[in-house]
Amino acid sequence: MDQVGVSMLTVVATGGLFAPLLFVLLYLLRPALFLPVVFLCISGGILFGAVAGTILSIIGITASSMLFYGIAQRFPRSANRILMLKQKLIGRHTSFTTGQVALMRLVPFIHFHILSVCLMENNRSWRSYGKASILSSIPLAAAYSFAGTWLRYLPPAAIAGVLIVLLACIYLMRKKEFTIKWEEFFKESA
């Protein structure tokens, strides 16, 4: 994974005028190359600077999310597998707000497309999903693009502190109610 990522970033860095376009395309290829989103955001900050890296990362993350939405609509079986994984890990009746998803995207080890499924559950239309996707990608892109150079040298205790604060914020911003459908509550046992 590291070798592929470094090779792809070398291509982007030497892309000249096409470097921003290549960088956004790299976001679209990211799932197939098994590259973490955080890696690309940090790389965008290093390659293009904090502001341009943030903007390009927002465009790339949103394009990747919209591609995922299109694939999920076209191939519902694949989306159902990720939904089942989400239900197994997070819970069947748990749903997250866009703000919570935005904060959870800051945590590097949470699966990006499981969070996209969480957005899809609350935003059924393409337009509302796109808006939620843009809003939830801004903190991720900004934080890691701006912190790209110094994040590598941050001590583990500081990283643990940041994660604890993020988890506390996610808990405080949670949705405090959930809805169970009548048929699901009174499900017949076999």
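Biologist: Of the contacts with a separation of 6 or more in the protein chain, what percentage is between residues 24 or more positions apart?
Modeller: That comes to 74%, where contact means heavy atoms within 4.5 Å. Keep in mind that this is a predicted model, in which local features need pLDDT of at least 70, side-chain atom pairs count only at pLDDT 80 or more, and totals for chains, interfaces and linings use all residues. Residues are numbered from 1 along each chain as its sequence is written, and side-chain values use heavy atoms, leaving out hydrogens and water.
Biologist: How many helices and strands are there?
Modeller: The protein chain has 10 helices and 0 strands, taken as DSSP runs (H or I of at least four residues for helices, E of at least two for strands) numbered from the N terminus.
Biologist: Where does α2 bend?
Modeller: At Tyr27, by about 40°, which is the angle between axes fitted to the seven residues ending there and the seven starting there. Pro31 follows within four residues.
Biologist: And which α2 residues are buried?
Modeller: Ala19, Phe23, Val24, Leu26, Tyr27 and Arg30, with buried meaning under 20% relative accessible area (1.4 Å probe, protein chains only).
Biologist: What comes after α2?
Modeller: Phe34, with a positive phi near 55°.
Biologist: New topic: at what angle do α4 and α7 pack?
Modeller: About 70°, with the axes 11 Å apart; these are lines fitted to C-alpha atoms over the stretch in contact, and angles run from 0 to 180 degrees between N-to-C directions. The two helices are therefore roughly perpendicular, a label for 65 to 115 degrees.
Biologist: Which residues make that contact?
Modeller: Among them are Phe68 and Tyr69 of α4 and Phe112 and Met120 of α7.

Key
Buried < 20%, exposed > 50% of the residue type's maximum accessible area, 1.4 Å probe, protein only. Parallel < 35°, antiparallel > 145°, perpendicular 65-115°, else oblique.
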